[in-house]
Amino acid sequence: MKKDIGAIIGQIDTLRPIPQVAHKIMAAAKDPQSSMAAISDLIQYDQSLTANLLRAANSAYFGLSKKVESLHQAVVYLGTDKVVDLVLLGASSENFSMGQKGYDLEGGDLWRYSVSSALIARDLAEVTGGCDVHTVFTSGLLKDIGKVVLSQFVADSSEKINFLVSNHEFSFREAEKAVIGIDHAELGALIAKKWKFSDRMIDLIRHHHAPMEAESEMEASLVYLADILCMMIGIGVGSDGLAYRFHKEALEKTGFDDKDLQSIIAGFGEKISHVEELIGT
Amino acid sequence: MNITVGVADMKVSKDPNAVLVTYSLGSCIGIAIYDPVVKVGGLLHYMLPDSSLDPDKAKVKPYMFADSGIAPLFLEAYKLGAKKQRMKVIVAGGAQILDQQGFFNIGKRNHMAMRKIFWKNKVMVSHEDVGGNVNRTIKLSVGDGSCRLKVSGKGEYEV
């Protein structure tokens with residue numbers, strides 16, 4: 001018995017949309033005509049964004065030797081790209097703070113997972129080069145927003161979903177679709193659309209478990225690889241575990257080999273304890 | 001009192017009130033050891049099979065790799081009076097993404113690396129919960145050696 005999809009979609013309104021200023025900052029960061037001064041102007045008039053940014057910039061994650069006390073210093077020490085990412089991080093956290101019972105996630109787990117996969121996606125995008133790093137980072141950060149809404153419906157159907165995953169070789173996403181009628185990636189894309197995200201970002205969120213179906217296959221492959229690396233490392237992973245499909249096309253598309261990905265895992269393992277400080281838990 | 005063993009981390013204890021815990025093992029492996037005579041416990045959480053990937057990193061973070069992390073787990077427990085032949089050894093983790101057979105299957109390789117080291121050093125495993133697509137948590141009570149495993153989507157059980 002499938003759920004009433006309309007009722008699920010209606011729940012999107014219980015989320016708090018990403019603030020307008022974050023959209024403006026994302027657009028400015030992508031615009032080659034836009035200067036850092038213009039981006040700074042957008043940030044500095046929002047006190048909470050600035051406060052979050054300074055806290056994150058001073059976390060051990062970045063290991064800066066000097067304390068960053070202003071937006072200007074943050075730009076000097078970290079560079080525009082990282083400052084923009086940190087602003088987006090601060091603007092996105094609110095919806096992720098609660099636990100998601102359907103996925104057996106405690107409060108903060110999904111945010112820890114999301115930030116970790118965004119950071120890994122950024123690392124991968126920097127190695128690959130030639131793609132839009134901010135979009136990859138932000139998509140990594142928000143790709144599981146659908147889980148926040150779908151959680152209560154997954155909780156209601158957890159027995160059926162787990163049965164399909166354990167006994168019929170369904171991936172967790174396939175089981176969500178079969179039992180509830182919509183999966184968290186589809187729902188995430190609907191949320192992104194409602195929040196007026198770019199078409200590319202909607203595409204990346206929609207296809208973060210099936211990158212070869214995305215229009216932006218390269219970026220989708222990076223977001224996808226970061227996601228499976230996080231599952232493998234095990235940061236804030238819930239009852240869905242590692243029950244998602246491996247697509248070797250993502251390796252072929254990005255050119256990463258086994259050793260590259262092991263190095264990414266090792267690199268992230270070294271700074272994993274600092275992630276807690278970065279996200280302020 | 002819970003003592004958390006992080007990712008690429010190891011702890012040993014003989015405090016009877018201590019519970020060693022490591023959360024969310026995906027393709028990583030957790031090894032819990034316990035000597036019931038001296039009541040000494042240890043827990044390791046490693047990420048990757050082989051430190052030849054990055055020997056410098058292995059010097060700073062030996063618990064990241066099977067080959068540099070497993071020996072110190074046992075050696076530190078010996079320092080507290082534990083003996084190998086009395087040791088209960090519980091292993092969990094080494095999961096894989098669906099359809100990952102043959103491609104970048106770190107979970108399986110982590111398990112193989114451990115088995116090789118145990119075989120060479122004549123270590124017997126008392127209980128193993130490895131592989132599949134689940135993530136796992138290990139809790140070892142140092143006071144009585146009881147060990148609980150939590151498996152995603154399946155719940156918690158006592159070993």
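Helix axes here are lines fitted to C-alpha atoms over the stretch in contact, and angles run from 0 to 180 degrees between N-to-C directions. The views below show a predicted model, in which local features need pLDDT of at least 70, side-chain atom pairs count only at pLDDT 80 or more, and totals for chains, interfaces and linings use all residues. Residues are numbered from 1 along each chain as its sequence is written, while chains are lettered from A and ligands numbered from 1 in the order in which they are written.

**View 1. Helices α2 and α3 of chain A pack against each other.** Let's start with α2(A), residues 20-30, and α3(A), residues 36-44, whose axes lie 10 Å apart at an angle of about 170°. Helices (H or I, at least four residues) and strands (E, at least two) are DSSP runs, numbered from the N terminus. The two helices therefore count as roughly antiparallel (angles over 145 degrees; under 35 is roughly parallel, 65 to 115 roughly perpendicular and the rest oblique). From α2(A), the residues Val21(A), Lys24(A), Ile25(A), Ala28(A) and Ala29(A) meet Ala38(A), Ile39(A), Leu42(A) and Ile43(A) of α3(A). A contact means that two C-beta atoms, placed from the backbone, lie within 7 Å. Sorted by type, the residues of this contact are eight nonpolar, no polar and one charged. Here Ala, Val, Leu, Ile, Met, Phe, Trp, Tyr, Cys and Pro count as nonpolar, Asp, Glu, Lys and Arg as charged, and the others, Gly among them, as polar.

**View 2. Chain A is built with 16 helices and zero strands.** Stepping back for a moment, the C-alpha atoms of chain A fill a box of roughly 55 × 45 × 35 Å along the principal axes. Buried residues make up 51% of chain A. Buried means that 20 or more other C-beta atoms lie within 10 Å of a residue's own, exposed means 12 or fewer, and partly exposed lies in between, with C-beta atoms placed from the backbone. Of the contacts in chain A with a separation of 6 or more, 66% join residues 24 or more positions apart.

View 3. Gln11(A) is partly exposed, with 16 other C-beta atoms within 10 Å. Although Gln11(A) and Val148(A) are 137 residues apart in sequence, their C-alpha atoms are 9.9 Å apart. Leaving aside residues up to four places away in sequence, Asp104(A) touches Gly238(A), Ser239(A) and Ser152(B). Asp104(A) and Gln44(A), 60 residues apart in sequence, are 38 Å apart from C-alpha to C-alpha.

**View 4. Chains A and B meet in a contact of 31 residues from chain A and 29 residues from chain B.** On the chain B side, the residues that touch chain A divide into 15 nonpolar, 10 polar and four charged.

**View 5. Five strands of chain B form an open sheet with mixed pairing.** The order to follow across the sheet is β1-β3-β8-β9-β10. At the edges are β1 (2-4) and β10 (155-158), each pairing on one side only; two strands pair if DSSP finds at least two bridges between them. The twist averages 20° from one strand to the next. As for the whole chain, chain B has three helices and 10 strands.

**View 6. Strand β8 of chain B is bridged to β3(B) and to β9(B).** β3(B), residues 19-25, runs antiparallel to β8(B), residues 136-141, and five bridges join them. Within that pair, Thr22(B) has Ile138(B) as its bridge partner. β8(B) also pairs with β9(B), residues 147-151, in the antiparallel sense over five bridges, and there Ile138(B) stands opposite Leu149(B). The hairpin of β8(B) and β9(B) has five residues between the strands, and Gly145(B) takes a positive phi near 75°. Continuing across, β9(B) and β10(B) run antiparallel with four bridges, and Leu149(B) has Tyr157(B) as its bridge partner in β10(B).
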